[in-house]
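Dear colleague,

I am handing over the structure below, together with a short account of what was found in it. Please read the notes alongside the coordinates.

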Amino acid sequence: QVQLVESGGGLVQAGGSLRLSCTCSGNIFVLNTMGWYRQAPGKQRELVATITSSGTTNYADSVKGRFTISRDNAKNTVYLQMISLKPEDTAVYYCNAYVRPPYTPIVNYWGQGTQVTVSS
């Protein structure tokens, strides 16, 4: 079994910052691309940022210059540093990871989500 456990969400005022963390644990042989997605009420889940195992990053246009994704491969952990937060960043943030357990194909896993609320 593989688990993704997120932490770091909360309530912050506009202009503030938060740092999300997500640790992948369990039966991992290879941990490939990890990322963050978010879902606001009444909206579809959308990409925020992804990072490959070699460190190549990709960001949604709406967060470029404000959010930074990083990872610690030794800890199987991905981070999302968010600054200059806006009320429109309010959403449940989900961690995502492509994991290859031993002797099986790659599987996509999701975390349980962490709430980020930005007040105006």
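**Strand pairing and overall form**

In this predicted model, G35 stands opposite T50 in β5. Residues are numbered from 1 along each chain as its sequence is written. As this is a predicted model, local features need pLDDT of at least 70 and side-chain atom pairs count only at pLDDT 80 or more, while totals for chains, interfaces and linings use all residues, and side-chain values use heavy atoms, with hydrogens and water left out.

Strand β4 (residues 30–39) and strand β5 (residues 46–51) run antiparallel and are joined by five bridges, where two strands pair if DSSP finds at least two bridges between them. Six residues lie between the strands of this hairpin, and among them G42 takes a positive phi near 80°. On to β6 (residues 57–59), β5 is joined by three bridges, again in an antiparallel arrangement, and I51 has T57 of β6 as its bridge partner. The hairpin of β5 and β6 has five residues between the strands, and G55 takes a positive phi near 100° there.

For the protein chain as a whole, there are 11 strands and zero helices, these being DSSP runs numbered from the N terminus (helices H or I, at least four residues; strands E, at least two). Buried residues, meaning those under 20% relative accessible area with a 1.4 Å probe and protein chains only, make up 40% of the 120 residues. The C-alpha trace spans about 50 × 25 × 20 Å along its principal axes.

With kind regards

Notes: Buried < 20%, exposed > 50% of the residue type's maximum accessible area, 1.4 Å probe, protein only.
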